[in-house]
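This report is a first walk through the structure shown below. Please keep the sequence and the 3D view side by side while reading.

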Amino acid sequence: MHHVPEQIIEPLERINAVYFSDPGRTIELAEGEQLVDQGEECRRVYYVQKGSFAAFRRADSYAGVDLPVESSTRGYEVFRAEEGSYVCVQAFFSRSYRSSNLIVALEDSVVTYVDDTTEVVEPEKYGCFERQFIPVLVHELAARNSRIFTKTSEKEEALRVLQRAEMASSLAQLSAGIAHELNNAVGVLSRRTEFVADSLQEYLEDDDKNNAQLFTYGFEDNSFISAQELRSAARFYEREFGMPQEAAKVLAHIFPNTEDGRKQSGRFIRNVKKNYRFWELGHDLRDMRMASKLATGIVRAVKLLGGGNSTREPDTSVEQSVNDALNLLHNKLKRVTVSTHFTPMPGINADITELVQVWSNIIKNACDAMDQGGTEAPAIRITGECCHVQGVQLLPTEYVSVTIANNGPAIDEDNLNKIFNPNFTTKKMGLDFGLGLGLAIVRRVVDSYNGTIEVRSNDQETSFTINIPTSQIHGNA
Amino acid sequence: METLNIICVDDQQEVLDSVMRDLRPLTTHVRLEEASSVADCMQLIEQIDDDGDHVAIVISDQVMPEETGTELLGRITADRRFGKTRKVLLTGQATHADTINAINDGHIDNYIEKPWQPEKLLSVVKRLLTLYVLDAGLDHTEYMPVLDPTTLFTKLR
């Protein structure tokens, strides 16, 4: 209800008592019943005693021009009139006597009216009829004023939403373009790195087996030793074998344990001393391979985030997609106990790569969180089931629900609100740093299936539950 | 000849590898050491000091898991034993506030942005090394190949 100017409250009370109290001019309307149609003759001003009305305008006769019938079916709501409001004021006082809107009762309502035959009461004291009705006109003006304010701010908000959507969509296009170009460039780097490594390996095998071995040590280096351990081993080798610092470091990489290094033959040690660069060459190529693999992953992530081309197939198995994700992350999950429990789920209309992406992003995060939190017996529990929701109209009733839970550290409340934002990350570990895109992608994909995400986190367990409706009722599919 | 150390600090091994490689031309006359965190660097510095060797330059990343580069350089500045040590911040992610702190509290001598030009890094380090050698009162003729002639000339004039 809009604000009624204080000065007119009392005069309005008089008008309502004097003019809008005749039981003979009181009408009851049932919910949905029409008070007056658009364009219909109307010589009355109605006062809403009880209930409420909505006014609609169709575009069929707008501004006096007849529009084609097809376009006339869509009316839009112009305003609502609640208890204490007046309707058809303009038609009456402008003497056009035509209602500009269709007015329908939203609930069982009661109105009382005056018309052009109504006798003026106490004109000596209050002036002519029009004069007496000025408060009603002011009331109408105030109502229209507040309507304009509301509509303007609604429009602004709608524009803002539209702009944001437009920005997001052009960003998506831009990133898809960049992703495509980068994909080609990164592809070249990644393939050629493999070629160079293979060729060098072959060449070295023919040339000098010892150097080939050094190269392979570097290329396949997978040691995770702390800088400090490395340093102390290198120092030891430097003194023990009279090596230059660089060569000693290489030997420390190959044999972090100095006991192992000491057991090596003099020939091997001499070769390291002289030809440690072959190890470095291998190690450089290893880093290049890792970096291009990482870049490929980022490109794929950006593509998915940009909503690239997803091809959804009916009857896609959710269970299969979870298993695919687990296979994909086989390496990362070596130290983690994984248990899965599925009750039969119907296939859904989905792009399996998108589903795999969702699960693998969540699982990857779980691994990293448990890793960083130093969880002692890291475990991931995955359950999948079909569930039914009843009672809420318009919403799908059948969902597949997948929960991925881990026993890592809790996500604190502050972060809980931020985890789905792009760029949010708690990871920073060598080349395998966090881009902060993982959960943003999860959200994007799940949204596109009209699904929901629930996150629960406490000291015992952190779980992500994804619910996806089995049928897409209306939507983005 | 006294042993001069240049320490690089970064939590990313790949970055450390690159810095070490770019500075390799200096290894004829100085030692290059690497540390993966502030704590690791502090331990290394103690060890170098125990051995009676010099910490000539510390090149540190800014954003690292436990403590930042600025904090490390600030601690070194506050330690009187390392008053002559030259400090470089090598980073791609420092905020405006980080930079201010690095200058005011870390008393850094140079700020290098990632990705860096190898020649630029090398020339900055040579210049700072020259300053250290002169400040520490060492015989600069022993280190000539790794010093910056212009700086040396200006300072000795």
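## Terms and basis

Two strands are said to pair if DSSP finds at least two bridges between them. Helices (H or I, at least four residues) and strands (E, at least two) are DSSP runs, numbered from the N terminus.

This is a predicted model, in which local features need pLDDT of at least 70 and side-chain atom pairs count only at pLDDT 80 or more, while totals for chains, interfaces and linings use all residues. Residues are numbered from 1 along each chain as its sequence is written, and chains are lettered from A and ligands numbered from 1 in the order in which they are written.

## Confidence in chain A

With pLDDT being the predictor's confidence in each residue, from 0 to 100, chain A has a mean of 84, and 88% of its residues reach 70 or more. Within chain A, the lowest confidence falls in helix α2 (residues 69–72), at a mean of 49, and the highest in strand β8 (residues 109–115), at 95.

Over residues 429–433 of chain A, pLDDT stays under 50. Where pLDDT is low, the predicted coordinates should not be read in detail.

## The open sheet of chain A

In chain A, 4 strands in the order β1-β8-β3-β6 form an open sheet with antiparallel pairing. Because β1 (26–29) and β6 (86–87) of chain A each have a single partner strand, they stand at the edges, and one side of each is left without a neighbour in the sheet.

Strand β3 (residues 44–50) of chain A pairs with β8(A) in the antiparallel sense over 6 bridges, and A:R44 stands opposite A:D115 in β8(A).

## A parallel pair in chain B

In chain B, strand β4 (residues 86–91) and strand β5 (residues 110–113) pair in the parallel sense over 4 bridges. One residue to look for is B:L90, whose bridge partner in β5(B) is B:I112.

## Where the chains touch

Counting two residues as in contact if their C-beta atoms, placed from the backbone, lie within 7 Å, 14 residues of chain B are in contact with 10 residues of chain A. On the side of chain B that touches chain A, the elements giving two or more residues are α1 (13–22), β2 (31–35) and α2 (38–50) of chain B, and β2(B) gives the most, with 5 residues.
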